[in-house]
Amino acid sequence: MNFAFAPGIVAALFAAVAAIVTALYLLRPPPRRITIASTLIWDRVLKHKRRDSERWRWWLSLALSLVIALALAAALSRPDAIGIGGAPQRLILVVDNAPTMAALRTDGRTRLDHARDEARRLVQTADTGTAFLVVDTMRSIGSPAFESADAALARIDALQVAVGGFASYPDLPVTDRSAGTIDAVLITDGVTPLDAPDDVRQVSVFEPVSNVGITGFDVRANVADPRRVEAFVELANADGQPTTVGLTLTGAGRPPIRQQVEVPARGFANLTVPVSSFTGGALQASIDAAGDGLALDDIAYAVLPGGRTLKVALVTAGDRALERALRLDPRVELTVLSPVRYAPQSGIDVYVFDRFVPPVPPIAPMLLLRPEAATWLPPADTAGGASRIAD
């Protein structure tokens, strides 16, 4: 038997309770004086009274009172039976925190919320002195170890759904349920196969929900015209009914693009959206559907190819080969200027100066081919020899 308090405190409590009950039984009220006409009747009653028959009832009443009082005292000290042979109990709690555990149930709470509730219940109803090992299927707990109930409850409260990665049953000590000293419980929705050992007790928090998600999102330049960029989106519907999904593409340089997409029951929908009007950088795809129970797969990201169209100004006295080479790149929007007509222009991304150096450098990046000397140019480094375009 294991008590919540030290053995000395429990013994003192039992002794105090027994002393109080015995003292209450030994207390007798003071005798009352009553004047009567004759004692003849009382003498006859006392002569036939058997005093020994009343003594054992007093002792029995005292014993029963002591048993009841000591039982109440033992309940206050919270005794718990420990394992066979006096070994303390150990409980392993494996909580599934895979992305599917973020699905909402009909009460508006996630599956992980219900899993945490079940884990807390197991800790709070376990025997006093039980040690707990809390682990998760996404390995977010770095170095799990057996700990107290309060520490286990704090670790359970801190568990969150993992956004990425693969769930698996963790490597744990071998359970020995026959010895009654260690037990393991897996709390999961059962969606991700975890391959738990046969002797692990499983608690399910699964509840079917409707779900529409983005299963594919990519941004690529058109093969025929690299200046045209398209987004490829794949949507999946896990529900048994077709649904209408609102798709929104958000990026820099223009307002969002919104479309309505019909996704068949337990099927997929694929669509291509031109996104060349966005200026570049990150592109976000998000969906909105009525009754969607899982939000983690409603947003996806891609990166628009940088430098899709460059406005290039070529300043040259005449170089057909160089001009033709620049025009061959479909991502280049070329403007050709003679040196006498050169003036800095707004909206130019890159200047190419061919055997010409402006008196003042432009703000935009520039490429100088066979430049003349200029005060703002660094001195030429000829240690490596002259460079030239061979073809």
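**Helices, strands and packing in a predicted model**

The protein's secondary structure comes to six helices and 15 strands, taken as DSSP runs (H or I of at least four residues for helices, E of at least two for strands) numbered from the N terminus. This is a predicted model, where local features need pLDDT of at least 70, side-chain atom pairs count only at pLDDT 80 or more, and totals for chains, interfaces and linings use all residues. Residues are numbered from 1 along each chain as its sequence is written, and side-chain values use heavy atoms, with hydrogens and water left out.

Biologist: What share of the 391 residues counts as buried?
Modeller: Buried means under 20% relative accessible area, exposed over 50%, and partly exposed in between, with a 1.4 Å probe and protein chains only. By that cut-off, the buried share of the 391 residues is 35%.

Biologist: Why do the buried residues of H5 lie on the same side?
Modeller: Helix H5 spans residues 149–158, and its buried residues are Ala-152, Leu-153 and Ile-156. An α-helix has 3.6 residues a turn, so residues three or four places apart point the same way.

Biologist: Which exposed residues sit on the face of H5 turned away from its buried side?
Modeller: Cover on the buried residues includes strand E1 (90–95), helix H4 (111–124) and strand E2 (131–136), with contact meaning heavy atoms within 4.5 Å. The face turned away carries Asp-150 and Ala-158.

Biologist: Which strands are the edges of the open sheet?
Modeller: Four strands form this sheet, paired in parallel, in the order E13-E12-E14-E15. Two strands pair if DSSP finds at least two bridges between them. Each edge strand pairs on one side only: E13 (332–337) and E15 (366–369).

Biologist: What angle does helix H6 make with E13?
Modeller: Axes are lines fitted to C-alpha atoms, for helices over the stretch in contact, and angles run from 0 to 180 degrees between N-to-C directions. H6 (residues 320–327) packs on the sheet and touches E12, E13, E14 and E15. Its direction makes with that of E13 an angle of about 155°.

Biologist: How many bridges join E10 to E11?
Modeller: E10 (residues 281–288) also pairs with E7 (residues 243–250), antiparallel, over five bridges. Towards E11 (residues 299–304), E10 again runs antiparallel. The number of bridges joining E10 to E11 is six.
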